[in-house]
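Please look through the sequence and the structure shown here before reading on. The report that comes after them is meant to be read slowly, with the picture at hand.

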Amino acid sequence: MASIARCIRSARPSGLAALAQSSVSRRVIARPFSVTATNAIRKYTKEHEWIDVAADKKTGVIGISDYAAKALGDVVFVELPELGKKFAAGDAIGAVESVKSAADINAPISCTISHVNLTLEEKPNAINQVPEDDSHGGGWICKVTVGEQGIKDLDNLMTPEAYDEFTATEGEEEH
Amino acid sequence: MVPFGGFHMPVQYTGLTVSQSHTFTREHCSIFDVSHMVQRWFEGKGAISFLQRITPSDPAALQDNHSTLSCLLHADGSGGIVDDTIITRIKPDSFYVVTNAACRDKDNYYLDQELAKWNAEPDHEDLQVVQGQRPGWGLVALQGPGAEAVLAPLLEAGQDLKTVYFGQSFSTRLRLPGKQLGAEVLISRGGYTGEDGFEISIHPADTVPVTEALLASGGPDKVKLAGLGARDSLRLEAGMCLYGHDLDDTTTPVEAALSWIIPPSRRKPEAGFYGAEVIARQLVPKSKGGSGVTRRRVGLLVEGAPAREGAEIVDANDKTVSLGSVTSGCPSPTLGKNIAMGYIKDGFHKAGTQVAVLVRGRPRAAVVAKMPFVPSKYWKPT
């Protein structure tokens with residue numbers, strides 16, 4: 001049973017993107033705009049992370065998308081990023097693990113970790129319940145400070161509309 | 001869906017996550033479509049002797065309709081495993097052998113070669129063996145404590161599953177909706193989850209009707225379809241090997257902690273099976289004059305992050321000292337702990353030994369643990 005197990009227990013370094021191979025029925029998700037600060041910029045990566053950058057363009061919040069959370073299944077462990085550490089866009093900053101597989105969480109943009117969501121140590125399944133919620137009790141992964149490079153990196157990411165289209169196409173490719 | 005062994009197979013079915021499906025199997029029962037596995041037959045006067053050459057088992061000691069876990073061994077005498085397999089003796093000179101789909105081409109080549117060699121040997125004129133496969137035949141595993149109650153209503157009156165124990169098989173025809181009786185099926189009590197259950201070998205035309213009849217028999221509260229995801233986590237909890245991960249061409253049965261599949265009568269250098277000399281020496285520790293082994297397959301309980309295939313096992317006190325690596329691992333839905341199996345340096349293999357496993361470069365405390373992680377619940381005579 002070689003190749004399946006490779007898929008279902010995808011070893012490092014697999015991104016969340018690898019999860020798109022699994023059989024997930026896709027639903028259109030109502031985004032929780034209420035928890036996003038006014039004028040914040042929401043962007044998505046192809047690897048299924050989201051980032052909200054505040055209106056002042058100095059801070060941000062990172063998490064994994066609802067689509068990725070569904071693909072992963074029941075999250076049982078979250079490896080949180082290291083506080084104070086600087087990352088470039090695309091660097092592995094942490095990981096999410098379910099029974100089915102492990103997936104790296106990558107930095108959507110260049111950033112420095114300022115807070116981590118300790119709730120996830122106790123309740124990793126908040127990732128399944130409210131993956132795109134950046135409030136207390138939500139499934140956000142970390143908060144970051146952002147510099148000039150980080151703001152530039154945003155241009156390489158997808159808008160919520162583009163991401164919806166992207167995941168819809170990914171879903172189709174399975175069939 | 002994922003590609004697997006030449007088939008498109010579901011990791012999970014709609015409605016249940018992998019861990020929900022896993023738990024459902026342990027509490028009720030699930031149907032796994034394992035039709036991708038290769039179903040073979042060996043028949044002929046020489047079938048027993050042939051299997052005694054290519055496996056460390058003793059098919060002569062099997063009663064009719066009894067099966068055993070076994071493995072095919074490389075002809076080079078290294079003791080390396082070609083594939084693991086279940087061998088069932090149907091009749092005195094007739095054996096049903098199930099091997100892994102992922103090894104199909106390798107096994108076909110190996111078995112064709114070995115059989116040709118066997119049949120061509122001058123003293124084997126009266127010991128000819130023929131092999132067959134039944135492509136397209138279904139193989140459905142019904143696994144879980146509710147399996148007997150789901151299967152029983154499909155049997156003809158007078159047939160009693162209570163007297164069919166773990167490792168035993170029988171042929172019968174099942175009652176299918178819409179017609180009197182289906183084609184003959186071979187039902188074996190056992191499986192790959194550690195639960196009570198049955199594997200049913202089915203004629204291609206009946207595979208879907210039999211599966212539907214099983215689903216209807218239990219109803220959605222008692223039986224559901226399960227995919228490869230749950231199959232993997234269930235077999236891991238049961239401490240069972242997955243070829244290509246926990247076993248490969250270089251591992252021997254002794255290293256793989258599968259010595260128990262070798263009956264006492266066959267534990268000697270002159271036993272005659274491929275690799276017997278190496279394996280017999282490995283069975284005896286160095287301190288007692290044998291060669292022992294340098295690595296052993298063990299179970300591990302890992303703190304914090306789940307350790308998966310490829311994670312390095314290191315010394316608890318010095319993470320620069322490598323002790324081996326993990327070959328399978330996942331969070332155990334039943335135990336709520338991270339379970340893994342892997343190969344560890346001989347001497348560190350005793351249950352309770354503290355080690356560490358590197359996951360994403362960071363050492364996580366781990367302890368060598370006995371397998372199965374979750375006790376098996378086979379139906380056995382009391």
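This is a predicted model: local features need pLDDT of at least 70, side-chain atom pairs count only at pLDDT 80 or more; totals for chains, interfaces and linings use all residues.

The sections that follow go through chain A and then chain B, one topic at a time.

## Chain A as a whole

Chain A has 175 residues, of which 47% are buried, and its secondary structure consists of six helices and nine strands. If one takes the contacts in chain A between residues at least 6 apart in sequence, 66% of them join residues that are at least 24 apart.

## Strand 9 and its two partners

Strand 9 of chain A, which covers residues 142-145, is paired with strand 3 (residues 59-64), and these two run antiparallel and are joined by four bridges.

For strand 9 of chain A, the covered face holds A:C142 and A:V144, while A:K143 and A:T145 belong to the uncovered face.

The UniProt record, an unreviewed entry, places the feature "modified residue: N6-lipoyllysine" at A:K100. A:K100 is found in the loop between strand 6 (92-98) and strand 7 (102-106) of chain A. Is A:K100 buried or exposed? A residue is called buried if 20 or more other C-beta atoms lie within 10 Å of its own, and A:K100 counts as buried because 29 other C-beta atoms lie within 10 Å.

A:K57 sits in the loop between strand 2 (49-53) and strand 3 of chain A. Although A:K57 is not a glycine, its phi is positive, at about 60°. A:K57 has 15 C-beta neighbours inside 10 Å, and therefore counts as partly exposed.

## The two assigned domains of chain B

The domain assignment of chain B gives domain 1, made of residues 2-35 together with 137-226, and domain 2, made of residues 38-133. The centres of domain 1 and domain 2 of chain B, taken over C-alpha atoms, are separated by 26 Å. How many residues of domain 1 of chain B are in contact with domain 2 of chain B? There are 14 of them, and they are in contact with nine residues of domain 2 of chain B.

On the side of domain 1 of chain B that touches domain 2 of chain B, strand 10 (169-173) and strand 11 (184-189) each supply at least two residues. Sorted by class, this side of domain 1 of chain B has six nonpolar residues, eight polar residues and no charged residues.

## Backbone details in chain B

B:A257 has a positive phi of about 60°, although it is not a glycine. B:A257 lies in the loop between helix 6 (228-237) and helix 7 (276-283) of chain B, and counts as buried because 20 other C-beta atoms lie within 10 Å.

A further detail concerns a peptide bond: the one from B:M371 to B:P372 is cis, with omega near 0°. B:P372 is located in the segment that comes after strand 19 (362-369) of chain B.

Technical notes:
Residues are numbered from 1 along each chain as its sequence is written. Chains are lettered from A and ligands numbered from 1 in the order in which they are written. UniProt positions are given in the numbering used here, feature names are shortened, and annotations may be inferred rather than shown by experiment. A residue is buried if 20 or more other C-beta atoms lie within 10 Å of its own, exposed if 12 or fewer, and partly exposed in between; C-beta atoms are placed from the backbone. Domain bounds come from an automatic or database domain assignment. Two residues are in contact if their C-beta atoms, placed from the backbone, lie within 7 Å. Ala, Val, Leu, Ile, Met, Phe, Trp, Tyr, Cys and Pro count as nonpolar, Asp, Glu, Lys and Arg as charged, and the others, Gly among them, as polar. Two strands pair if DSSP finds at least two bridges between them.
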